[in-house]
Amino acid sequence: MAAKRRFRKNDRVRFRLGVRDVKGVVTEDRGPIGINGRHLYGVEFRLERGSDAISYTELPADDMHLVKPTASTR
Amino acid sequence: MPSNSLIRWNGARNAAMDEIENAHAMVGGSERGRRYATQQINYSYAALLSSHFQGFCRDLHSECVDQIVAVTPAPLQGFLRPELLWNRSLGRGNPHPGAIGSDFNRLGIEFWKEIHALDARNKRRSEMLQELIDWRNAIAHQDFDPVAPGGVATLHWSRSGRGDVP
């Protein structure tokens, strides 16, 4: 069985929010507190690009994909 | 079966608080300075207990949200989760009874009504929780008039607030 992906603080991730993809940043490893002890991660994101309002959610690793840094964001 | 949050409370969180109790025990002797030293440890203990209890409540809330989201249809999960976590009091303030109630009530329960119905001792426990938070605030702001002239917290008092997580 493949090892579960682990994320770290400041990782940029992509996840599904309703019918669209949203990008966010991992702010915290919340530990193995989810269903069956799965790790949850705190993720901050903006609902609108350029918005000042920061939203927060907590997601299991399976619901997130790591966003590789591009040359412009490195 | 205990929640994952309670397992963490009984493990790492309790171990951290045991260290404070050990430090208290190691400040031995009967000199006048001992009372001052142990008082500062008691203050640390109360602040640490408040902090870890906040962490426990926040963990438990996250765990509940994960359980609720898991049984909702997949297309709804993405935006239900941030809605349930939005503006969570336990994410930014003290774990006083009002904060705990408002956060857990959003999960579709009448939190304190149900907690008080579970065990007759829970009413007193919630009052003691408020006392702990009042002390935590007094310690953090060094203003003890609201809780006790002289501001003497005892280890017994601090410990009594720790072992009562149902």
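Q: In what order do the elements of chain B run from the N terminus on?
A: The elements of chain B run α-α-α-α-α-α-α, and its secondary structure comes to 7 helices and 0 strands. Helices are DSSP runs of H or I with at least four residues, strands are DSSP runs of E with at least two, and both are numbered from the N terminus. The model is predicted: local features need pLDDT of at least 70, side-chain atom pairs count only at pLDDT 80 or more, and totals for chains, interfaces and linings use all residues. Residues are numbered from 1 along each chain as its sequence is written, while chains are lettered from A and ligands numbered from 1 in the order in which they are written.

Q: What makes strand 1 and strand 2 of chain A a pair?
A: Strand 1 (residues 12-17) and strand 2 (residues 20-31) of chain A run antiparallel and are joined by 6 bridges; pairing requires at least two DSSP bridges, so the two strands pair. A:Arg16 stands opposite A:Asp21 in strand 2 of chain A. The hairpin of these strands has 2 residues between them, and A:Gly18 takes a positive phi near 70 degrees there.

Q: Which strands of chain A does strand 3 join through bridges?
A: Strand 3 (residues 40-45) of chain A is joined to strand 2 of chain A by 6 bridges, in antiparallel orientation. Here A:Glu28 has A:Gly42, in strand 3, as its bridge partner. A further 6 bridges join strand 3 to strand 4 (residues 55-60) of chain A, again antiparallel, with A:Glu44 opposite A:Tyr56 in strand 4.

Q: How do you know that helix 6 of chain B is close to the expected span?
A: Helix 6 of chain B has 20 residues and reaches 28 Å from its first C-alpha to its last, close to the 28 Å expected. The expected span is 1.5 Å times one less than the number of residues. Helix 6 of chain B is followed by B:Gln142, whose phi is positive, near 50 degrees.

Q: What puts the buried residues on the same side of helix 6 of chain B?
A: The buried residues of this helix are B:Leu129, B:Leu132, B:Ile133, B:Trp135, B:Arg136 and B:Ile139. They cover an arc of only 165 degrees around the axis, and therefore lie on the same side of helix 6 of chain B; the arc is taken from the directions from the helix axis to the C-beta atoms. The face turned away from the buried side carries the exposed residues B:Lys123, B:Arg124, B:Glu127 and B:His141. A residue is buried with 20 or more other C-beta atoms within 10 Å of its own, exposed with 12 or fewer, and partly exposed in between, with C-beta atoms placed from the backbone.

Q: Why is a set of residues called a nonpolar core?
A: The name applies because its members are buried Ala, Val, Leu, Ile, Met, Phe, Trp, Tyr and Cys residues joined through C-beta atoms within 7 Å. The largest such core has 18 residues, and those with the most contacts inside it are B:Ala46, B:Leu49, B:Phe56, B:Cys57 and B:Leu132. Helix 2 of chain B gives the largest share, 8 residues. A second, separate core of 6 residues includes A:Val13, A:Ile33, A:Leu40 and A:Val43.
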